[in-house]
Each structure stands twice: as C-alpha cells, then as structure tokens.
Amino acid sequence: MAGMLRLVLFQARQDRVTLPVWILGITLLSFATSTAVATQFGDEESQAAILTLAASNPAFLFLRGLPDGTGVGAVVFFQGYAFTAVLAGLMSTFLVVRHTRSDEELGRDELLGAVPLPRAASLAATLVLGTAANLLLAVFVAAGFVAAGLPAGGAFAAGSAVGTVGVFFTGVAALAAQVLPTGRGANGAAAGLVGAAYLVRGVGDALGTPSADLLHVASAWPSLLSPIGWGQRARPFTSPDLAVLLVLLAAAAALGTLALLVRRRRDVGASLLRQRNGREHAGVGGRSFVGLAWRLQRSAVVGWCVGAAAIGAVAGALGPLVSETVSSVAPIRDLIARLVPGGQAGLVDVFVTALLGIAGVFAATAGIQAVLRMRAEETEGRAELLLAAPASRARWLGANLLTAAVSAALVAATTGAAAAVGLGLSGIADGQAWSLVPAALAHVPAALVFMAAAAVAFALVPRLSIVLGWGMFAAGLVLGEFGELFGLPVWLQDASPFRHSSAMPVEPFNQGGALGLLAIAAAGAALAAYCLRRRDLTS
Amino acid sequence: MNATAETVIEARGLVKDFGRTRALDGLDLSVAPGEVHGFLGPNGAGKSTTLRILLGLIRPTAGTVRVFGIDPWTDPVAVHRDVAYVPGDVSLWPNLSGGEVIDLLTGLRGGGDEKLRRSLIEEFEFDPRKKARNYSKGNRQKVALIAAFARPARLYLLDEPSAGLDPVMDAVFRRQIERVSRDGATVLLSSHILSEVEQLCDRMTIIRSGTAVETGTLGELRHLRRTHFRVTGLADPSRLAALPGAHAVTVSDAAVEFDADPRDLGAVLAGIAEPGISSLSVAPPSLESLFLRHYSSSDGNSNDRKSRVGKNSAAANSSSGRTDSEVN
C-alpha cells in the first residue's frame with residue numbers, strides 16, 4: 001500500500017504543472033461562463049428568450065445541450081456543461097495515457113516493472129490519480145460557480161457532473177491503453193471517444209422534445225448512449241439528481257477493473273491490438289521531402305477532416321430546420337433579424353456561415369500543426385539526417401509548407417462538401433449547395449497567413465517557434481472572433497487575418513482581402529526560407 | 001599527400017561558440033583523398049560539432065572550411081551530393097518502417113543501389129519491416145549505416161557509427177569501411193573507441209576541448225610515446241628506480257615495469273642487462289596510452305611527469321576514465 005501511494009505521488013509530481021493548468025483552466029471557463037450569463041441574461045425575461053430560441057433550434061441543442069428552465073444557474077449549465085465535460089474527458093484521457101501506454105512505449109514502465117509491486121500497480125496508481133484529479137476538478141468547478149454567485153447546492157451538483165464524466169473517461173483511457181500499442185494510438189482512440197460522446201449527445205439532444213413553454217427540452221434516446229448525456233441528466237440547478245451519476249461511476253469502475261485485469265495478464269509492451277509491421281520498401285513518393293511531410297501529416301489531416309465533416313454535415317442538415325422553426329416563431333424571427341448583419345440574409349446562410357467559420361479555424365490548426373512539425377524534426381535530430389542530403393533547406397521548408405497548405409485546403413473543402421451533402425439530403429438543394437465548397441475554401445488564405453507566420457517563427461527564433469506559432473494563432477482567434485465582444489479598437493481587431501476572410505455565403509467573396517492575405521502569406525514564406533538558410537540547426 | 005589543392009576536407013582555425021560555451025577553439029583538420037581518417041576524442045571534445053560544420057548544418061564562428069574545395073555553408077547541396085552521413089545519435093520517425101527510412105534517405109540522395117541495399121540488410125541481419133519505434137539503439141544505427149552504404153559516395157562522414165553495434169555487427173561495419181575505401185572513397189570516422197581507429201584508420205587527428213592536439217599516421221604518433229618494459233629476474237629490482245631514462249617504475253614480487261623515452265632506449269637497455277634476467281618484454285606504445293596522455297587529468301608537461309601507469313596504480317588511474325577499450 002505504501003508502494004502504491006509512492007507511485008501515485010510520483011505520477012502526480014510529474015503532472016505538477018500540467019494538471020493544475022487543466023483544472024484551473026476548466027474552472028476559469030466555468031466561472032467566466034457564469035459571470036457572462038449573469039450579466040447578459042440577468043433577468044428572467046431574457047433567460048426565457050434565449051431558452052426558447054434554443055429549444056426551437058436543433059443546431060443550438062446539438063452544440064450546447066438541453067435548456068432546463070430559467071435561472072442563471074440553469075442557463076449556465078445549459079450553455080457550458082457539454083464543453084466543460086469534453087474538457088474533463090480530454091484531461092483524463094491524456095493523464096491516463098501519459099502514465100500508462102506512453103511510458104510503456106518509451107520503456108520507462110520497464111524500470112518500474114522491476115520493483116516489488118504487483119504488475120498492475122502502476123496502472124492502479126494512474127487510476128487513483130485520475131480519480132483524485134477529477135475529484136479536485138469537481139470541487140474547483142463548484143467553487144468557481146459559487147464564486148460567481150450561484151447557489152452552493154447546484155454548484156456542487158454541476159461540479160460533480162463534470163468530474164464524474166472525467167472519471168468515466170479515466171476508465172475508458174485505461175482500457176484504450178491496454179488495447180492499443182502506442183501512446184499516440186491510445187490517445188487518439190480515447191479522445192475520439194470523448195468527441196463521439198459529445199456528438200452522440202448532440203444528436204439525442206437535437207432530436208429532443210421541447211416542453212409546451214419552450215423552456216425545457218427532454219432528450220431523445222441517443223443521449224443515453226453518451227456519458228456526457230448522462231451527466232446532463234443530473235440537472236443540477238433545476239432538480240438535482242445525483243443518483244444518475246452513480247451509473248457513470250459504476251461504468252467507470254467496470255472499465256477500470258477490466259483494464260487492470262488485462263494489464264495483470266499481459267506482457268509488458270504487449271497490447272490487445274498488435275503493432276503491425278510496416279513495408280519493406282518506401283512507396284511511391286516515400287523518397288522525397290513532400291512524400292515524407294505528407295506521410296507524417298496524413299493521420300492528423302484525416303482526424304481534422306472527420307471533425308470538419310461533422311461540423312459541415314451539422315451545418316447542412318440542420319440549417320433548413322433552423323429556418324423553418326424560426327420563421328414560425330415571430331419573436332425569434334425579430335431577435336435573429338437584430339443579431340444578423342444585414343438583417344435580410346437567409347437564416348440558413350447565417351447558420352452555415354457561422355459553422356464554416358469554425359471549419360476555417362480547423363483548417364488553420366491542421367496547417368500550423370504541419371509547419372511546426374519541422375521544429376519537432378529539428379529538436380529530435382531527424383532534420384539533421386534529412387538536411388545532410390543534397391537538397392536545400394528551402395526545399396524542405398517548401399515541402400512542409402505545401403503539405404500544410406494542402407492540409408488546410410482539404411479540411412476546408414471537406415467541411416464545404418459535407419455541408420453541401422447535408423443541405424442536399426435535407427431537401428432544399430437547388431444546385432447552390434456545392435457553392436459551399438468555395439465558401440469554405442475562402443477561409444484558407446487567412447489560414448495560410450498563420451502558417452507562414454509559424455514558419456517565420458521557426459526560421460528566426462526556433463526555440464520559441466511552438467509558443468509563437470500557436471500564440472499568434474490564439475491572438476488572431478481572440479481578436480477576430482471576440483474582438484467585437486470585448487470592445488477592442490477596430491485597428492487591433494483588423495490585425496487578425498480572420499477579419500479579412502470572406503464570411504460566405506452571407507458576405508460576397510472579398511477578392512482584395514483574399515489576395516492581400518495570399519500576398520502576406522507568400523512574403524512570410526519567402527522570409528522564412530531566407531532566414532532558415534542563415535541559421536544554425538539547433539536542438 | 002598534404003597538398004591543399006588535393007585535400008577532401010580542409011579546415012583551418014575553426015571556432016564555434018554556442019552562447020558562452022566554446023565548442024571548437026581553433027581546430028585544424030585536413031583529410032586527403034582516399035584516406036580513412038580517425039577523428040579521435042572524448043565526448044564533448046567537439047567531434048559532432050565539427051562534422052556538422054563540414055555538412056554546413058551549422059556555421060563556424062570563425063575559421064575556414066572546405067569540403068571538395070567548396071564552402072559547405074555557402075553551398076551545402078553541392079557538398080552533400082557526394083557525402084554519406086551517419087549521425088552519432090540516430091533518431092527516426094517512429095511510425096515509418098526501417099525499410100521506408102532507408103529508401104527515404106537514399107532516395108533524397110538520388111536513389112540507392114537495390115542489390116547493395118539487399119546485401120547490406122542481409123549482412124547487418126536487419127529486419128526492415130519493423131516500425132522504427134520498436135528499434136533498439138543498435139538497430140537505429142543500422143538504418144543510418146545501411147542508408148549511407150547503399151549508395152556510393154566520395155566522402156563518408158561517420159559520427160561514432162559503431163557505438164550501438166555488437167562485435168559481430170561491428171565486423172560487418174569494418175568490412176564496409178574497407179570496401180568503400182578500396183573503391184577510393186574518403187572516410188572521416190569520429191570515435192572514442194581506440195581499437196576501432198587503430199584497426200581502420202590510416203591517419204588520425206586527436207581532438208581535445210575543441211582543438212586538434214595531434215595529427216598524423218599511427219606510426220608518426222607512436223614516436224611521441226614511451227616504450228613499455230617488463231623485466232623479471234633482476235637481482236635488485238629497486239635499483240632501476242635510479243636508472244636514468246626509466247620512468248614510472250613499479251616493482252611487484254618478481255617483475256619490474258617501467259617506461260622509457262625513445263632517446264633513452266640505448267641507455268636503458270644497457271642498464272637492465274645482467275646475467276639473471278629470466279624474461280623481458282618490450283611493448284610498443286599503444287594508442288590507448290597515447291590517448292590517455294592527451295586526455296587524462298591536467299597533463300601539461302608530460303616529460304617531467306612521474307605518473308605511475310603500472311599494475312599497482314591501475315586502480316588509481318581508472319578514475320581518469322581508462323577502460324580496456326575506450327576512454328570517456
């Protein structure tokens with residue numbers, strides 16, 4: 001027992017920065033949502049307005065969750081719970097895989113395997129740590145709600161709902177780590193299940209039945225397949241029912257036990273799904289910079305495309321529903337008319353435009369990821385191997401930038417195509433649907449600017465390139481998407497490339513903006529190539 | 001042989017600073033065509049830094065460097081066309097198979113020789129289908145070695161290439177060096193393994209703290225070192241302690257061991273000659289002692305040093321990093 005405790009503390013010590021960042025970040029998000037709702041929807045009338053709007057809008061239900069009566073707490077839970085639960089799930093997933101499969105893959109587990117402790121002790125310690133972290137998360141989230149002025153009872157129940165989802169995914173990740181041979185694979189599978197839980201809940205909620213006053217919605221059966229859906233049933237601020245959380249805890253215990261049983265029976269390094277052998281020869285294109293860059297980026301692009309397709313499909317399939325529902329409710333129609341720029345634009349278009357904007361963000365993320373991979377290649381010593389070949393650094397950079405740009409375009413195009421298909425299936429395709437593909441691609445130039453910026457950072461200040469690459473992206477996102485909300489000066493908002501993308505189909509295509517962004521991206525790429533040639537390879 | 005115009009590698013006064021650390025401090029290095037040149041030094045002496053400069057991966061702070069007469073920093077691509085490189089610490093793409101990495105690296109150099117590739121994989125007993133994340137250090141090393149040898153090059157830059165190989169694979173590696181050397185290629189082999197350099201190299205440069213302290217053929221460097229004597233059967237062994245020219249004298253039960261400078265050999269031989277001698281062994285200076293002289297602790301004035309290198313003091317000396325085959 002003392003040995004187990006040491007293991008738990010040892011793992012906790014390794015996480016002494018990561019875990020507090022996750023827990024405090026999620027807490028801060030909960031607190032911020034609460035204060036925002038309290039200021040924006042302080043009185044019951046506006047709360048009822050937002051709830052009716054949501055109840056009659058499947059897209060809203062899909063993205064956010066179920067409206068469950070008025071009151072700041074209820075609105076906060078409706079607005080923020082699903083996202084918070086996803087974050088708790090991801091926190092738990094990464095925590096578990098980090099200490100189990102990744103450690104095993106890197107051979108660290110072998111060191112611990114020689115100490116006089118049971119074979120599954122390390123996994124058990126991770127499960128304890130994961131549970132403790134989620135307990136802490138529940139307490140902190142509850143405290144955040146209380147600090148924002150919500151009733152303590154509801155706050156505690158809401159925190160418990162979030163923490164319980166985290167515990168559930170601790171069990172899921174523990175099992176994934178037994179099944180898959182690599183840390184990357186286990187992380188991908190478990191994180192994918194977190195995403196699936198969110199989407200399945202979304203489908204169930206979107207198909208839910210609204211009450212007569214449109215202030216509540218009861219979910220359809222698919223939500224019961226999702227742990228996030230189960231957590232939502234705790235209804236913390238309306239009629240708290242913590243018993244449903246026991247279902248999740250029982251499931252988590254079952255998953256954890258199963259993982260422990262597997263671990264006790266298997267060899268170190270073995271997995272239920274075996275590591276497949278690779279090919280003896282490189283395929284066509286496997287002998288060039290571009291081929292390598294694509295090979296390394298491929299699985300990431302597939303992941304982003306799946307996410308983008310989901311968003312696109314939601315946009316296309318649910319868009320028409322939105323417009324139907326909304327046009328039948330006069331007060332909502334007025335509300336939308338006030339919110340929508342221009343006012344007269346079709347509601348479907350507004351909805352689709354908003355979701356295509358998210359796809360633009362996905363595209364930029366996929367691209368930046370590809371660019372910053374060069375830094376990983378450099379620090380891990382592989383760039384040295386590549387650049388000893390008779391090919392210039394500019395070509396290496398070019399191959400990676402090309403791969404990044406293609407990734408971004410693929411992600412954007414996938415969104416547009418999925419939206420078009422969704423729109424087609426919902427019956428109002430009038431030949432215009434396919435114009436959503438170029439509409440989605442209109443976000444690529446802005447994404448290219450971020451990739452070029454990351455490339456310049458990599459060439460000029462390699463040690464800071466990861467921080468700068470993502471930092472500039474985050475700054476652009478905040479300035480572009482939330483600048484107006486925060487009331488920042490216009491020139492500052494305009495510094496974000498996102499502000500110069502055309503929000504199609506609501507806005508017409510802004511040729512000048514797109515060309516300007518392309519020119520900036522090209523200049524950035526050239527500057528990066530020039531600077532990369534003039535610096536030492538570092539590590 | 002040393003004519004500047006003909007050298008494959010010519011470095012003069014190389015200095016490289018990383019922040020406040022000076023990795024190279026005026027290094028000179030000259031490698032002639034067709035020669036297997038040992039680049040000998042302990043870890044951290046600046047061997048890898050030098051190889052990276054030769055490849056144009058990093059730029060020297062000062063000094064000039066030419067490979068095939070070309071400045072590698074200004075035109076790395078031209079230099080790389082004829083170079084095969086094996087880094088000291090081989091890191092691979094975890095999700096690519098070994099075979100894919102070999103094809104990638106040879107492909108980037110213009111394509112490998114398929115027959116050569118197959119025979120190398122066979123000789124190194126390498127499984128090219130496993131994913132790189134499953135390879136041990138030795139196997140990662142093999143990937144880089146096979147990729148380097150699978151396409152002919154004029155210059156092979158090898159950074160401690162056999163560090164992860166077992167003795168059998170090490171023999172395979174040596175055969176490859178001999179093969180490319182027979183074909184007229186030039187090899188620069190960095191190492192801290194003495195026996196490796198001794199067996200493979202025609203000439204060598206010894207580097208310490210970023211400076212070349214010695215360069216020449218093994219024969220040329222040998223004369224710098226004292227000859228080791230071991231004598232048994234002397235009536236009064238302790239008298240040798242007073243013999244002029246005998247250094248580091250140790251007396252065990254029956255045997256006396258000592259070192260002598262080449263110029264004192266005549267006097268020493270005369271000094272030990274007496275009827276009772278039962279055995280006499282004289283060993284030429286080994287590369288290992290050569291190495292120790294340069295890298296053992298503060299050793300500025302080796303001629304006046306009375307260090308004891310005999311059996312009795314071996315334990316004391318081991319703290320300066322001496323093992324059977326290598327010095328760290």
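Keep in mind that this is a predicted model.

**Exercise 1.** Work out how many residues chain B and chain A bring to their contact, and which parts of chain B are involved.

*Solution.* Start with the count: 31 residues come from chain B and 28 residues from chain A. Next, look for the elements on the chain B side: helix 2 (76–80), strand 5 (83–86) and helix 3 (98–108) of chain B each supply at least two residues. Of the elements there, helix 3 of chain B gives the most, with 7 residues. Finally, sort that side of chain B by class, and you get 14 nonpolar, 6 polar and 11 charged residues.

**Exercise 2.** Trace the open sheet of 6 strands in chain B and find the helices that pack on it.

*Solution.* Begin with the strand order, which is 5-6-7-3-8-9 in chain B, with mixed pairing. The edges are strand 5 and strand 9 (211–217) of chain B, since each pairs on one side only. On average, neighbouring strands are turned by 15° against each other, direction ignored.

Now zoom in on one pair: strand 3 (residues 36–40) and strand 8 (residues 203–208) of chain B run in the parallel sense over 4 bridges. Within that pair, His37(B) has Arg203(B) as its bridge partner in strand 8 of chain B.

Helix 1 (residues 47–54) of chain B touches strand 3, strand 6 (155–159), strand 7 (186–191) and strand 8 of chain B, and its direction makes about 150° with that of strand 6 of chain B. Helix 6 (residues 167–182) of chain B touches strand 3, strand 6 and strand 7 of chain B, and makes about 150° with the direction of strand 7 of chain B.

**Exercise 3.** Find which residues have the most contacts inside the largest nonpolar core.

*Solution.* This core has 237 residues, and the ones to pick out are Val371(A), Ala408(A), Val411(A), Met451(A) and Ala455(A). Its largest share, 18 residues, comes from helix 5 (residues 72–99) of chain A. Take Ala408(A) as an example: leaving out residues up to four places away in sequence, its contacts include Ala363(A), Gly367(A), Val444(A) and Leu448(A).

**Exercise 4.** Decide: is Ala235(B) buried or exposed?

*Solution.* First place Ala235(B): it sits in the loop between strand 10 (227–232) and strand 11 (246–251) of chain B. Then count: 9 other C-beta atoms lie within 10 Å of Ala235(B). The cut-off for exposed is 12 or fewer, so Ala235(B) is exposed. Setting aside residues up to four places away in sequence, Ala235(B) touches Glu274(B) and Gly276(B).

How values were computed:
Residues numbered from 1 in each chain as written. Chains lettered and ligands numbered in written order. Predicted model: local features only at pLDDT ≥ 70, side-chain atom pairs only at ≥ 80, totals over all residues. Contact = placed C-beta atoms within 7 Å. Nonpolar A, V, L, I, M, F, W, Y, C, P; charged D, E, K, R; others polar. Pairing = 2+ DSSP bridges. Axes fitted to C-alpha atoms, helices over the stretch in contact; angles between N-to-C directions. Core = buried A, V, L, I, M, F, W, Y, C linked by C-beta atoms within 7 Å. Buried ≥ 20, exposed ≤ 12 C-beta atoms within 10 Å, placed from the backbone.
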